[in-house]
Amino acid sequence: MDVDKARTYAAKAMEFLGEAFTEARDSALDNAYFEGIEIGIRVTNSSLYESGVSDEKIINLMNKYWDIPRQEAIDRLKFEKTELCIRELKNYLVLQGWHSRDIESYLREQLVSIKIRHNTELWNLWNKPEKLKQEIEKL
């Protein structure tokens with residue numbers, strides 16, 4: 001093999017590696033961008049709900065400012081209500097001296113996520129975690 005062929009192969013290999021690197025970097029940037037958007041949507045949804053804004057207003061604002069279709073905004077709000085209850089319950093249990101391992105076991109054994117998701121009246125207890133825990137244990 002002569003030197004010119006070796007240079008040509010090396011140049012093509014470098015070009016290929018450069019394109020692969022650029023694609024990987026662009027993909028990582030795209031993922032970070034969309035993850036940031038998703039976090040922004042969740043924080044907006046959560047902060048509006050925790051502030052006492054009506055569901056209808058939240059749905060309309062999510063549609064207006066985040067361009068989220070109505071049904072998706074409804075679904076995201078339902079998800080956030082469930083997640084908020086779980087977060088507040090976990091925080092309550094931590095403050096009661098529970099270890100994280102015991103909290104995770106409790107959540108699994110009590111089927112907390114399922115119970116909250118399917119019993120929408122529990123959503124109203126997100127800011128009363130002691131009562132939320134009692135109601136979950138009754139189900």
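Predicted model: local features only at pLDDT ≥ 70, side-chain atom pairs only at ≥ 80, totals over all residues.
Student: Let's start with the helices. At what angle do H3 and H6 pack?

Tutor: Angles from 65 to 115 degrees count as roughly perpendicular. Here, helix H3 (residues 70-95) and helix H6 (residues 129-138) pack at about 105°, so the two are roughly perpendicular to each other. Their axes sit 9 Å apart.

Student: Which residues make the contact?

Tutor: From H3 you've got Cys 85, Glu 88, Leu 89, Tyr 92 and Leu 93. H6 brings Pro 129, Glu 130, Leu 132, Lys 133 and Ile 136. Sort them by class and the contact of H3 with H6 has 7 nonpolar and 3 charged residues, with no polar ones.

Student: Now for Lys 81. Is Lys 81 buried or exposed?

Tutor: The general idea is a cut-off: buried means under 20% relative accessible area. Lys 81, which lies in helix H3, comes in at 8%, so Lys 81 is buried.

Student: What is Lys 81 in contact with, leaving aside neighbours within four places in sequence?

Tutor: For contact, look for heavy atoms within 4.5 Å. With those neighbours set aside, Lys 81 touches Tyr 49, Asp 55 and Trp 123. Take Asp 55: a polar contact of 2.5 Å links the side chains of Asp 55 and Lys 81.

Conventions. Residues numbered from 1 in each chain as written. Heavy atoms only, no water. Axes fitted to C-alpha atoms, helices over the stretch in contact; angles between N-to-C directions. Helix = DSSP H or I, 4+ residues; strand = E, 2+ residues; numbered from the N terminus. Parallel < 35°, antiparallel > 145°, perpendicular 65-115°, else oblique. Nonpolar A, V, L, I, M, F, W, Y, C, P; charged D, E, K, R; others polar. Buried < 20%, exposed > 50% of the residue type's maximum accessible area, 1.4 Å probe, protein only. Polar contact = N/O pair within 3.5 Å; in protein donor to acceptor, adjacent residues only side chain to side chain.
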